[in-house]
Structure formats: C-alpha cells, structure tokens
Amino acid sequence: MKTLWKWIDALARAVIRLIGRIFPRLGALCEKLWDNTELVSYLFVGVATTVVNYVVYYLATRVAGLAVMPGTWTAWAVAVAFGYGANKAFVFHTHCAGLAALLREAGSFFAMRLVSLGMETVLMYGLVEVLHLNDLAMKLLVNIVVILLNYVFSKLVIFKKQEK
C-alpha cells in the first residue's frame with residue numbers, strides 16, 4: 001500500500017508542478033491541498049465508497065430487479081459498512097480503547113450516515129421519481145453532495161481526535 005501511495009504521490013506532484021508552471025496560484029493551491037493528506041485520503045475513500053455504492057445500486061436495480069428506493073437503501077447499507085472500515089483505517093486512524101468505544105464510534109458513524117441516507121432518499125425520490133431524471137446520473141450527483149457533508153460529520157463528530 002505504501003508503494004502505491006508513493007507512486008500516486010509522485011505522479012500527483014508532477015502534475016501539480018506542471019499546473020504551477022502554467023498557473024502559479026492554482027499550482028500553489030493544489031500543492032497545499034495535496035499536502036493535506038487526511039483530506040486527500042478522505043477523497044480517495046469517498047471515491048471508493050461512491051464506486052461501491054454505485055456498483056451495488058446498479059446490481060440491485062439492474063440485476064436483482066429492485067426498484068429505485070430499495071436499490072438506494074441496499075447500496076447505502078453496503079457502502080456505509082465499507083466506508084466505516086476504510087475511514088477508520090486509512091483516513092482518521094482512530095484507535096478505540098475497547099469494545100464500548102468501538103461501538104460508540106461505529107454507532108456515531110452509522111447514525112450520521114442515516115442522516116445522509118435521509119437526504120439521499122429525499123433527493124433521489126425528488127429527482128428520479130418526481131422529476132423523472134436519469135437515475136444513474138442523479139445517483140452520482142447526489143453522492144457527491146453526500147460525500148462532502150459526510151466529511152464534515154466525520155471530521156467534527158465521529159472520528160475526532162481523543163484528548164490524551
């Protein structure tokens with residue numbers, strides 16, 4: 001995993017240097033963002049979680065024949081389980097001092113994600129069922145909004161650093 005990260009880092013820094021030669025301010029901003037490894041890791045995990053959500057949604061609706069809303073909820077459940085493990089391990093690096101602390105952290109994660117599910121359900125219902133927009137395109141758009149809000153929830157509430 002470290003070798004992969006080093007390769008990605010080198011490639012990203014080369015692209016950032018190229019951007020910086022053409023647009024110095026944008027290059028400096030990109031470098032500053034790239035150096036915030038927690039945010040970058042969160043974005044990678046967010047993209048991976050979105051892919052899991054999207055693939056499960058596709059399989060649930062196109063292969064298993066579920067309707068839009070049950071497909072959305074199924075995809076959500078799988079993506080949240082994946083997202084919790086990935087965020088804990090690769091982004092926020094939290095350690096729980098026992099089963100009670102782990103259950104509290106996981107419970108907070110799932111509770112906050114229930115808020116996102118409510119938001120996603122309302123948006124998917126309105127955009128797809130009411131406005132009749134393409135469900136796959138709207139699923140992607142809604143997930144981008146959800147990723148941004150979930151970062152705020154995760155950073156400030158769920159995986160906040162413990163006082164020592």
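**Confidence of the model**

The chain has a mean pLDDT of 85, and 95% of its residues reach 70 or more. Among the elements of the chain, the lowest mean pLDDT, 79, belongs to helix α1 (residues 2–22), whereas the highest, 90, belongs to helix α5 (residues 99–130). Where pLDDT is low, the predicted coordinates should not be read in detail.

**Salt bridges between helices**

Five salt bridges are found when the whole structure is searched.

| Pair | N to O distance |
|---|---|
| Asp-135 and Arg-62 | 3.0 Å |
| Lys-88 and Glu-105 | 2.8 Å |
| Lys-139 and Glu-120 | 2.3 Å |

The side chains of Asp-135 and Arg-62 meet in a salt bridge, and this pair links distant parts of the chain, with Asp-135 in helix α6 (residues 135–158) and Arg-62 in helix α3 (residues 37–63), 73 residues apart. The two partners fall into separate accessibility classes: Asp-135 has a relative accessible area of 11% and is therefore buried, because buried means under 20%, while Arg-62, at 38% relative accessibility, counts as partly exposed.

Lys-88 and Glu-105 also meet through their side chains in a salt bridge. Here the link runs between distant parts of the chain, from Lys-88 in helix α4 (residues 68–91) to Glu-105 in helix α5, and the residues are 17 apart. Lys-88 is buried, with a relative accessible area of 17%, and Glu-105, at 9% relative accessibility, likewise counts as buried.

In the salt bridge that Lys-139 forms with Glu-120, the closest N and O atoms are 2.3 Å apart. This pair, too, links distant parts of the chain, since Lys-139 lies in helix α6 and Glu-120 in helix α5, 19 residues apart. Lys-139 counts as buried at 0% relative accessibility, and Glu-120 counts as buried at 1%.

**Reading the elements together**

Helix α5 takes part in two of the links described above, through Glu-105 in its pair with Lys-88 of helix α4 and through Glu-120 in its pair with Lys-139 of helix α6. Helix α6, in turn, contributes Asp-135 to the link with Arg-62 of helix α3.

Methods: Residues numbered from 1 in each chain as written. Predicted model: local features only at pLDDT ≥ 70, side-chain atom pairs only at ≥ 80, totals over all residues. Heavy atoms only, no water. pLDDT = per-residue confidence, 0-100. Helix = DSSP H or I, 4+ residues; strand = E, 2+ residues; numbered from the N terminus. Salt bridge = Lys/Arg side-chain N within 4 Å of Asp/Glu carboxyl O. Buried < 20%, exposed > 50% of the residue type's maximum accessible area, 1.4 Å probe, protein only.
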